Amino acid sequence: MSREQLIQSVQQHFDGGAFATDLARRVAWRTESDTGTVPPELRTYLTEEMVPGLQTLGFDCQVIDNPEPHGGPLLLARRVEDPALPTVLTYGHGDVVNGQESGWREGLSPWVLTQEGDRWYGRGTADNKGQHTVVLTALAHTLQARGGKLGYNITVLLEMGEEAGSPGLARFCADHREALHADLFVASDGPRINVERPTLFLGSRGALNFSLTVRSRDKAYHSGNWGGVLANPATVLSHALASMVDAHGRILVPSLLPAGVPDKLRAALRDVAIGTGADDPALTPGWGEPGLTPAEQLVGWNTLEVLALGSGNAQRPINAIPSQAVAHCQLRFVVGTDWKNAQTALRQHLDAHGFEQVDITMGMVCGATRLDLDNPWVDWTLASMERSAGQSATLLPNLAGSLPNDIFADQLGLPTLWIPHSYPACAQHAPNEHLLGSVAREGLAVMAGLFWDLGEPGSAPWKQGALADPA
């Protein structure tokens, strides 16, 4: 079978409804990982849904307990054709955020795949069940097209806690470093830049969550009897936040910023348009770091967001000065940010502005990563994608969101390639999450072509001449 016949076969698989059947079955698993518990479905999704299909493809599968007690299990599946051949590591996650059933539009359920035109609704369709179904379906068809031999080894890592911050993933990868040894990392998560264009991104912005709390006293006091003589923690906290980020979203803490936007990064983003999709929100004029394009603001700069504010009872306020106030915040940051010293920087900034009473509690963190734009895998992958999709792909130096890519790039030392099969307005993490069938169909072609090209002797830029032509 030729490369063109492979792509035709995987798209016929989609057109015949088999892809939808697989995805519907996977969506039905209630694999919520962000509820503070470890439901049994996190394990059975792996043992009953994923393992049998991978074993059919010749994978040796292990479902392994998470080294963190509050984390879901992980699936490590290896297919070794020859230890002397190079190895590809691919990754996905079978867990999802909570279903939020009451918020879905009438006629939709988070646990039922519902197709309405090009939109395929269901929890996990975009993040990440639909995407790893694209990858594994393309892999299965490539194996069949090549007569059961890829020409390289492949390892599949599926975790069941990404939506809970990937607890235990770094330690798991350290404990199983030898089994996870690879030459290249290829995975699918996050959105492409827009509906129309396939996208390749090489890393992600980091994320650092923290909470700011002002505790003024142990109970609320009547605002008429005590207003004007008792400090209001909500007022204090509001001014503390205003000292950190201005009314236009610009970060005011210099130590939380990168040194600048590198010229190479700026050049890569020159033709990248943000917010052009039909369902994308309108960009806010004048918001964020001045002097940057929207693409540079989103991909090449840091943002400090207030995710939630709490003080008193917003649903039923009373005439009382609240006892405390809290703000849950998040720093999204790019490579070059001194994020490891962020707590010290925050403390010094708040103290310098007279907010010693504001307590800081650090939360989840993952580092920022970005494969060098001159790495030979970049142009090679873009060429493979263009050949399969019939159009050029957009290169994003890094995703604006965050993924545990630092584990694969920094801890395991791999060149990392991410090819997403979702789009920005997919409503991931919200009611009415959906996958676009057209994007999934194109994604199958892109991934099948990539898996085929990786096995072509002399094609891929493997180190030390692996897969070189015999001559």
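The model is predicted: local features need pLDDT of at least 70, side-chain atom pairs count only at pLDDT 80 or more, and totals for chains, interfaces and linings use all residues. Residues are numbered from 1 along each chain as its sequence is written, and side-chain values use heavy atoms, without hydrogens or water.

**Stop 1: the pocket.** Select Pro-86, Thr-87, His-181, Ala-182 and Asp-183. Of the 30 lining residues, these lie nearest the centre of the second largest pocket. (On a 1 Å grid over the protein atoms alone, a pocket is an open set of points where a 1.4 Å probe fits, with protein on both sides within 12 Å along at least five of seven lines; lining residues have an atom within 4 Å of a point.) Its volume, the space filled by probe spheres set on the points, is about 630 Å³.

Now show β2 (74–79), β6 (153–159) and α11 (376–389), the elements that each give two or more residues to this lining. (Helices, H or I, at least four residues, and strands, E, at least two, are DSSP runs numbered from the N terminus.) β6 gives the most, with three residues.

**Stop 2: the cis bond.** Go to Asp-127 and Asn-128. The peptide bond between them is cis, with omega near 5 degrees. Asn-128 sits in the loop between β5 (119–121) and α4 (129–145).

**Stop 3: positive phi.** Select His-429, in the loop between β18 (416–418) and β19 (434–436). Though not a glycine, His-429 has a positive phi of about 70 degrees. Then pick Asn-432, in the loop between β18 and β19. Its phi is near 65 degrees.
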